[in-house]
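This briefing is meant to be read beside the sequence and the coordinates.

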Amino acid sequence: MIIYVNILIEYKFMNAPKYVNPFRPGAGHMPPYLAGRDSEIKEFLKLLDQEIILSNLVLTGLRGVGKTVLLDTFKPMAFNKKWLWVGTDLSESASVSEEIIAQRLLADLSVVTAGIGVKRAAPSVGFATLQSFEEKTLNFQTLTEIYKSIPGLVSDKIKGVLQLAWTCVQAHGVKGIVFAYDEAQTMSDHSEKDQYPLSLLLDVFQSIQKKNIPFMLVLVGLPTLFPKLVEARTFAERMFDVVMLHKLKPEDCREAISKPIKSCQSSIVFDDNSITLICETSGGYPYFIQFICKETFDIWVQQMTVEGATKPIPVREITQKLDKDFFAGRWARATDRQRELLSIIATLENADGEFTVQEIVIAAKAMANPFGASQVNQMLSALSDSGLIYKNRHGKYAFAVPLLGSFILRQAAEITMPLFT
Ligand SMILES: Nc1ncnc2c1ncn2[C@@H]1O[C@H](COP(=O)(O)OP(=O)(O)O)[C@@H](O)[C@H]1O
Ligand SMILES: [Mg+2]
């Protein structure tokens, strides 16, 4: 028996590459084929062609829609057009104070300036203190020393360093520098501590761009990001082009599934019906596409007895796994009362789109313990802080996690089912 199983396994994996799963569900994991983002790429390329930076980019959308991987795709495109690229993932801690965000900018900038000497640029910069830096390269330490030597507020100091850095970098035939920050919705001003790091970032870039320094901001984040920027500085409305990523169109969704299979020349075949089913089940959301395809591929590899023959997709089992892996953690963080509210929202016809406080209050009327408008308002605000809901610019609300409504309905069905059987 053991020998038989061994032979079977060897038979299956003899041509191992045929069974290497090409799909990549996971935050920031580049998909085997990046489907349906041509117009967003065009938009970014247009921004790179600006001689004077009048527009910066906000790339936004729900979790798992493909913001991070699109940002990674932009990077080589910027290099091709002679731009340098700096930046990182932001976290709450990056925007604790103005000083910390300034340090962040210096650290990021130093990555591309570390090999460049100050000397060539020094005469044209105009800081008296610069003579002492002439023999140095623009590494983090030198940038920090220059920063400290400039009098004034944090914003004056950081602007001075950025200006100097551009004078040095410019001499090397560079078109500009992209400052790209992912998870930028984590940034905030803190009026209670008199610290305005988010406003500082916007002020600094607006000011240096006015001086024709081609440093472009690319901020990536959840849909709360842009309203937050505008709240901090109203001019942010005009400073950014907003590119909102949506779920993939049906034809792009089909390509996201079929192209990786074709190009990995696998023995596993996703026929037309399977592809349609995956498109429907995933709702066209990139993370779900990768997840369902990866699971299906793995299951089929194990079930395959004859080359090319596959069984139906076990949608129910895969959905259960997705619920555990993706939704359950987020759901667990909500309180019982919040879950009641979310369950009411999930029953709204427009749960997958935008909804209002009024609609929730009306739907909740039939409950034993209904919700009043001010209570709903308060709870929605707490739910946005925990990343389950967001308020858009028109004052309407939406789920911040794709397909959350269907997940909630599945939970409700599982809880109530035994009661009826
Ligand atoms: N255009 C796309 N086509 C196919 N898969 C994609 C696409 N964009 C993203 N993905 C996949 O979706 C998942 C989530 O991508 P990610 O960039 O981390 O999303 P976000 O940053 O918006 O949360 C990853 O597994 C990635 O491979
Ligand atoms: Mg991301």
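Why is Gly 117 classed as partly exposed, rather than buried or exposed? In this predicted model, Gly 117 has 17 other C-beta atoms within 10 Å and is therefore partly exposed, since a buried residue would need 20 or more and an exposed one 12 or fewer.

**Setting of Gly 117**
- Gly 117 belongs to the loop that runs between helix 4 (98-113) and helix 5 (122-125).
- The C-alpha atom of Gly 117 is separated by 6.0 Å from that of Leu 138, although the two residues are 21 residues apart along the chain.

**Shell around ligand 1**
- There are 24 residues around ligand 1, and those that come nearest are Pro 31, Gly 66, Lys 67, Thr 68 and Pro 286.
- By class, the shell around ligand 1 consists of 11 nonpolar, nine polar and four charged residues.
- Helix 3 (67-80) and helix 13 (286-303) each supply at least two residues of this shell, and helix 13 gives the most, with four residues.
- Domain 1 (2-26 + 249-329) and domain 2 (38-244) each contribute at least three residues to the shell around ligand 1.

**Packing of helix 11 with helix 12**
- Helix 11 (residues 250-263) packs against helix 12 (residues 272-282) at an angle of about 120 degrees, and their axes are 10 Å apart.
- On the side of helix 11 the contact is made by Pro 250, Cys 253, Arg 254, Ile 257 and Ser 258, and on the side of helix 12 by Ile 275, Ile 278 and Cys 279.
- The residues of this contact comprise six nonpolar, one polar and one charged.

Key
Residues are numbered from 1 along each chain as its sequence is written. Chains are lettered from A and ligands numbered from 1 in the order in which they are written. This is a predicted model: local features need pLDDT of at least 70, side-chain atom pairs count only at pLDDT 80 or more; totals for chains, interfaces and linings use all residues. Axes are lines fitted to C-alpha atoms, for helices over the stretch in contact, and angles run from 0 to 180 degrees between N-to-C directions. Two residues are in contact if their C-beta atoms, placed from the backbone, lie within 7 Å. Ala, Val, Leu, Ile, Met, Phe, Trp, Tyr, Cys and Pro count as nonpolar, Asp, Glu, Lys and Arg as charged, and the others, Gly among them, as polar. A residue is near a molecule or strand if its C-beta atom, placed from the backbone, lies within 6 Å of it. Domain bounds come from an automatic or database domain assignment.
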